[in-house]
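Thanks for coming, everyone; I would like to walk through one structure with you this morning. Please have a look at the sequence and the model first, and then I will go through a few local features.

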Amino acid sequence: MKAEFESMNNLPATTTDGRTVELFANVGSIVDVENAVTRGAEGIGLFRSEFLYMENTKFPTEQEQYDAYKKAIETMKHPVIIRTLDIGGDKELSYYKFDEEENPFLGWRAIRISLDLKDVFKTQLRAILRASAYGDIRIMYPMIISVDEFMAANAILQECKEELRRDNIPFNDSIQTGVMIETPAAVLCAEDLAKVVDFFSIGTNDLTQYLLAVDRGNQKIARLYNSFHPAVLRAIRTVIQAGHKYDKLVGMCGEFASDEKAVPILLGMGLNEFSMAASEIASTRYQIRHLNYEHCQALADEICKKSTIAEVREMLEK
Ligand code: PEP
Ligand code: MG
C-alpha cells in the first residue's frame with residue numbers, strides 16, 4: 001500500500017470530480033523541510049519557528065533566523081508559512097524566565113508575548129522579511145483573539161519594512177499575513193478577521209482545547225478531547241465560510257487535517273489547504289484522489305446537523 005501511496009507523490013490532490021486542494025507540511029527544522037520535499041509536500045503550511053528559539057541558548061539573532069528561513073524557502077521552492085514565535089503554555093525557553101502562572105494556556109503565550117517583547121518580535125519579523133526576497137514566504141500569527149491584535153502585529157511589521165527600505169535591504173513588500181484560528185474568539189470574529197487578513201489556518205489542536213475547555217495535555221480528561229464534537233465541527237465550518245465570503249484561502253495545520261475520518265468532512269466543507277506531518281501526506285493524497293467532492297459536501301452538511309458526538313461517530317462509521 002505504501003508504494004501505491006507514494007507512486008502518487010507527483011500528482012495533485014484532486015478528487016474524482018475535479019476539486020483540487022493543497023497538501024502542505026508542518027515542520028520544525030530544515031531537516032523537516034527536506035523531508036517534506038521528498039514526501040511530496042506542495043508547501044509548508046506551518047513552520048514552527050519556536051524550535052529555533054527552544055534549541056538555542058539565547059534568543060536567536062536576526063542573522064541566524066534569516067539563514068534558517070532563507071534555507072527553508074530555497075529548499076521548498078513553494079509557499080512557506082512561518083508562524084511567529086509560539087511560546088508559553090507548555091513551551092518554555094531555558095534562557096528566559098517566565099513568571100509562574102495559574103493557567104499557562106490562558107496566559108502569556110504566543111502573539112501576546114510577541115506584542116509585549118517588541119524587540120524580540122521585530123528581530124523575527126526583520127529576518128522573515130529579508131528571507132521573503134527569495135520566495136513565497138508568508139507570515140502567520142498564533143493565538144489571535146481579535147482584529148486589534150492582528151492590526152498591532154501588522155503595524156510592527158510595517159515599522160520593520162520601513163527600516164529595511166531605509167537601509168536598502170530587499171524584501172517582498174506584499175508579503176502575505178494571516179492568522180491561526182485557534183481560539184473561540186477568533187471563530188466568532190472570523191468574518192471581521194477575514195476582511196483584513198490574507199489567509200486563515202485553523203489550529204484544531206488548540207481550538208479543540210479552548211472550545212471544549214479541555215486541557216489538551218491532561219490525560220484524566222483525554223476522553224473529552226474530541227475534534228469530532230459538534231461544536232468543533234461547526235466552528236471549523238464557520239471559519240471556512242467566513243474566509244470564503246471574503247475570498248480568503250482557508251487551511252488547517254492542526255492534527256485533524258490528516259485524520260482519515262475528518263478529511264472527507266473538511267474537504268466537503270471547502271477547506272483549501274491541508275497541512276500535516278510529512279509522513280501523512282502520501283496517504284492523505286491517496287485518500288483525496290479517491291473521494292468525490294459532491295459526496296463530501298453532502299456528508300459535511302449532514303454531519304454539521306448532528307447534535308451528539310455519538311451521532312457524528314455513527315455517521316462516520318457508515
Ligand atoms: C494547533 O494548535 O492546532 C497548532 C497547529 O499549533 P500547536 O499544536 O503548535 O499549538
Ligand atoms: Mg496552537
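Helices (H or I, at least four residues) and strands (E, at least two) are DSSP runs, numbered from the N terminus. What we have here is a predicted model, in which local features need pLDDT of at least 70 and side-chain atom pairs count only at pLDDT 80 or more, while totals for chains, interfaces and linings use all residues. Residues are numbered from 1 along each chain as its sequence is written, and chains are lettered from A and ligands numbered from 1 in the order in which they are written.

Let me begin with the loops. K77 sits in the loop between α4 and β4 (80-83), and K77 has a positive phi of about 60° although it is not a glycine. Burial is counted from C-beta atoms placed from the backbone: a residue is buried if 20 or more others lie within 10 Å of its own, exposed if 12 or fewer, and partly exposed in between. K77 therefore counts as exposed, because it has 12 C-beta neighbours inside 10 Å. N168, in the loop between α7 (147-166) and β6 (177-181), also has a positive phi, near 55°, and N168 is exposed because 6 C-beta neighbours lie inside 10 Å.

Now to the annotated positions. Under "binding site", an unreviewed UniProt entry lists R48, R83, N205, D206 and R216; the positions are given in the numbering used here, feature names are shortened, and annotations may be inferred rather than shown by experiment. Is R48, to take one of them, buried or exposed? R48 is buried, because 20 other C-beta atoms lie within 10 Å, and R48 belongs to strand β3 (residues 44-48). Taking contact to mean C-beta atoms, placed from the backbone, within 7 Å, and leaving aside neighbours within four places in sequence, R48 is in contact with V27, G28, R83 and D86.

N205, by comparison, lies in helix α10 and is partly exposed, because it has 15 other C-beta atoms within 10 Å. Not counting residues up to four places away in sequence, N205 touches R216, G254 and E255.

Finally, the ligand. A residue is near a molecule if its C-beta atom, placed from the backbone, lies within 6 Å of it, and ligand 1 is surrounded by L46, D86, E182, G203, T204, N205, D206, C253 and G254. Which helix gives the largest share of that shell? That is helix α10 (residues 204-212), with three residues.

Key:
Two residues are in contact if their C-beta atoms, placed from the backbone, lie within 7 Å.
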